[in-house]
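Biologist: I have not looked at this one before. Can you show it to me and take a few questions?

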Amino acid sequence: MKIYGSSFSPYARKILAFCGEAGIDYELQAVGLGSDDPEFLAASPLRKIPAMEDDGFTLADSSAICHYLEAKHDVGLIPHDPALLGRTVWWDEVADTEIFASLQPLFFNRIVAPLFLRQEADEAAAARAEEEAVPTMLAWLETQMPEEGDWLVGERLTLADLAVASPLVNYAHCGGSLADYPRVEAFAARMHARKSFAGNIAWERGALEKIRGG
Ligand SMILES: N[C@@H](CCC(=O)N[C@@H](CS)C(=O)NCC(=O)O)C(=O)O
C-alpha cells in the first residue's frame, strides 16, 4: 500500500500511526503541498494530503483511509460497539477540524511558509493563534482528557487517541508548551512516545533541524 503525503501533515501522521499500531505495511510516497505528481492527483481528486493506493484502489482523506483499513484488516482501532464507534468518530472529527484549525495558523506561518515553501509568513496570524485560538482549544481539551493512563474512548487505544495526538506533534514542532494543561501534556507525552509516532517525530525533528541549519 502506498500513502501519498508527508508525516508533517497531521492527517498523514494519523494514518501512519494507525498503520504502525495495526502492523500494516506501507510505503510513504513523499508528496508536498500543491504537488502535481500524477499518481497523487489520481488518488486525491481534491489535491489534499494524504491519499492512498492499495492494490489499484485509490482513496483520499485520512478518516476515510483509516475506516477503509479497519474494514479491510479488522485491527480493532475503530470499535464496533455503537456508542464507542460514535465517540471515536466524534474525536476524529474534532481533531481534524477544531484542533487542526486552531493550530494551523501557527504551524503554517512558523514552519510551512518560511521553511518549506520559502514564502513570507503571516506572523500576526501565528501570534493571534498562539494567544487566542490555541489556549482556548487546549483549555477545552484539558477538560476532556481521561485519567492518566486511560484512553479517550473505551478501554483501549483507538483512532480517537491517534487523531488527537497527531496535531499536537505540530504544536510541539512550533515549540508550543503544554505546561498549563497537565492532562493534555501527559496524554501527548504518552502517545508521542509510542513507536507508531516516535519514529516519524524523530525524523521530522531531524528534517527541521537540517532546514533551519541550512
Ligand atoms: N479532511 C482531509 C484534510 C486534508 C488536508 O486538508 N490536508 C492538507 C495538508 S495538512 C492539504 O492538503 N492542504 C492543501 C489544500 O487544502 O489545498 C483529511 O483528513 O485527509
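This is a predicted model: local features need pLDDT of at least 70, side-chain atom pairs count only at pLDDT 80 or more; totals for chains, interfaces and linings use all residues.

Biologist: Start with helices. At what angle do α1 and α4 pack?

Modeller: About 150°, and their axes are 11 Å apart. Helix α1 covers residues 10-22, and helix α4 covers residues 82-117.

Biologist: Which residues of α1 and α4 meet?

Modeller: On the α1 side, Pro10, Tyr11 and Lys14; on the α4 side, Asp92, Asp96 and Phe100. Sorted by class, that contact has 3 nonpolar and 3 charged residues, with no polar ones.

Biologist: And α1 with α3? How do their axes cross?

Modeller: At roughly 15°, and the axes come within 9 Å. Helix α3 is residues 62-73. Angles under 35 degrees count as roughly parallel, so that is what α1 and α3 are to each other.

Biologist: Who makes the contact there, on α1 and on α3?

Modeller: From α1, Tyr11, Lys14, Ile15, Phe18 and Cys19. From α3, Ser62, Ser63, Ile65, Cys66, Leu69 and Glu70. The classes in this contact of α1 with α3 are 7 nonpolar, 2 polar and 2 charged residues.

Biologist: Left-handed or right-handed, the crossing of α1 and α3?

Modeller: Right-handed.

Biologist: Now the cysteines. How many disulfides are in the whole structure?

Modeller: A search of the whole structure gives 0. For cysteine 66, the nearest cysteine sulfur belongs to cysteine 19 and is 7.4 Å away. A disulfide needs the sulfur atoms within 2.5 Å.

Biologist: Is cysteine 66 buried or exposed?

Modeller: Buried, because its relative accessibility is 0% and the cut-off is under 20%. Cysteine 174 is buried too, with a relative accessible area of 17%.

Biologist: Different topic. Where is phenylalanine 40?

Modeller: In helix α2, which is residues 38-43. Phenylalanine 40 has a relative accessible area of 0%, so it is buried.

Biologist: What does phenylalanine 40 touch?

Modeller: Leaving out residues up to four places away in sequence, phenylalanine 40 touches Tyr4, Val31, Ser35, Arg47, Lys48, Ile49 and Ala51.

Biologist: And how far is its C-alpha atom from that of glutamate 53?

Modeller: The C-alpha atoms of phenylalanine 40 and glutamate 53 are separated by 8.9 Å, with the two residues 13 apart along the chain.

Methods
Residues are numbered from 1 along each chain as its sequence is written. Side-chain values use heavy atoms; hydrogens and water are left out. Buried means under 20% relative accessible area, exposed over 50%, partly exposed in between (1.4 Å probe, protein chains only). Axes are lines fitted to C-alpha atoms, for helices over the stretch in contact, and angles run from 0 to 180 degrees between N-to-C directions. Helices (H or I, at least four residues) and strands (E, at least two) are DSSP runs, numbered from the N terminus. Contact means heavy atoms within 4.5 Å. Ala, Val, Leu, Ile, Met, Phe, Trp, Tyr, Cys and Pro count as nonpolar, Asp, Glu, Lys and Arg as charged, and the others, Gly among them, as polar. Angles under 35 degrees count as roughly parallel, over 145 as roughly antiparallel, 65 to 115 as roughly perpendicular and the rest as oblique. A crossing is left-handed if the near helix is turned anticlockwise from the far one by less than a right angle, and right-handed if clockwise.
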